[in-house]
Amino acid sequence: MSLKTKIGNINLNSCLFNASGVYCKIKEELSNLNTCNSVGAILTKSCTLESRVGNDPPIYWDDGSENSINSSGLPNMGYKYYIENEDIVKYDKPYIVSISGMCEEDNLKIVKETINNNDISGIELNLSCPNIEGKSQIGYDFEAMQNLISKVDLIISSMKSMRRNNFNFGVKLPPYFDMLHFRLVADIINNSSINTITCVNSLGNGLIINHISESVVIKPKRGHGGIGGSSIKSIALSNVRQFSLLTKCDIIGCGGIMNGIDAFEHILCGAKAVQIGTKFYMDGIDVFTFLEKDLLKIMRDKNYKTINDFCGKLKDL
Ligand code: RRO
């Protein structure tokens, strides 16, 4: 039995890895991901041209078991830190850089320079950061999204074919709730060279409050932030399912994966790999070993040998 998989043109020894943003901002955290055998890839914190400290704390809250809210505000070390990271050559897993420039020009500059480092397996272009005041999510602005993707495509099509064949162009989307939007976004993606889609980012501008203190639980934006954890699993599953049916891309599921059953459900809906956010934040690196065991147990009980045996095979009634 194995959790081996392929996302776009990247082979993974395990279908489990971190969601961007959780314990992946500094080199020590990236190396820590490399030390865990159950982790399939190393994904960086979304980066910008210049380093950022992020929003005023407290920026994160969780209930210790199921749900989280964050408004981190894109704290990161600046893109050079991630693409010139001298440890990359030592990692024995694919290294993927998440990019979330503050404007189109920044995104294009970072993409270009990322491609120049042959040791980087690909990018996850983050079209869905919900926590920058005054900047809306590109994934909800279809014109801006189309423009950015077509410009990244131009950069990718000008790459030497050797590099193009081993460089993965992935995007991370916000959750969608309407069939028209699913179709519009799938059309944009199907007309591009994108080969993986991560669904979904946190549910933007949610609100968790404390009825005892009668207050919000994080400081920025009067307590509003991205919701993660169990309460967004059903939304994540529908997005994984829709994009696996509507596009040619490999889907990476993210949202509400707390145990093996949740990972199994994402894969059944069509995910070829899954990312762990809230539960990784709560439990640390051991979560990957736990999830690997838990998912393998379900596969053993159902007599599945590989994730391809059930990937996307959700039955209709
Ligand atoms: O840093 C953040 O506030 C953040 C980002 Br970039 C993102 O994509 N998703 C999220 O929940 N928080």
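In these legends, contact means heavy atoms within 4.5 Å. The structure is a predicted model, in which local features need pLDDT of at least 70 and side-chain atom pairs count only at pLDDT 80 or more, while totals for chains, interfaces and linings use all residues. Residues are numbered from 1 along each chain as its sequence is written, and side-chain values use heavy atoms, with hydrogens and water left out.

**View 1. Helix α4 and its surroundings.** Helices (H or I, at least four residues) and strands (E, at least two) are DSSP runs, numbered from the N terminus. Helix α4 (residues 142-157) has 16 residues and spans 22 Å from its first C-alpha to its last, close to the 22 Å expected at 1.5 Å a residue, where the expected span is 1.5 Å times one less than the number of residues. Its buried residues (under 20% relative accessible area, with exposed meaning over 50% and partly exposed in between, for a 1.4 Å probe and protein chains only) are Met145, Leu148, Ile149, Val152, Asp153, Ile155 and Ile156. Seen down the axis of α4, these residues fall within an arc of 160°, so they line one face of the helix; the arc is that of the directions from the helix axis to the C-beta atoms. The face turned away from the buried side carries the exposed residues Glu143 and Leu154. The cover over the buried residues of α4 includes α3 (104-115), β8 (122-126), α5 (161-165), β9 (168-173) and α6 (179-190).

View 2. Glu265 and Lys233 meet in one of them, at 2.7 Å from N to O. This pair links distant parts of the chain, since Glu265 lies in helix α8 (residues 260-268) and Lys233 in helix α7 (residues 233-246), 32 residues apart. Glu265 is partly exposed at 26% relative accessible area, whereas Lys233 is buried at 18%.

View 3. The side chains of Asp301 and Lys297 form a salt bridge of 3.1 Å, N to O. Because they are 4 residues apart in helix α10 (residues 286-302), about one helical turn separates Asp301 from Lys297. Asp301 counts as exposed at 57% relative accessibility, and Lys297 as partly exposed at 46%.

**View 4. The salt bridge of Lys90 and Asp87.** The closest N and O atoms of Lys90 and Asp87 are 3.2 Å apart in this salt bridge. Lys90 is exposed, at 61% relative accessibility, but Asp87 is buried, with a relative accessible area of 13%.

Note on methods: Salt bridge = Lys/Arg side-chain N within 4 Å of Asp/Glu carboxyl O.
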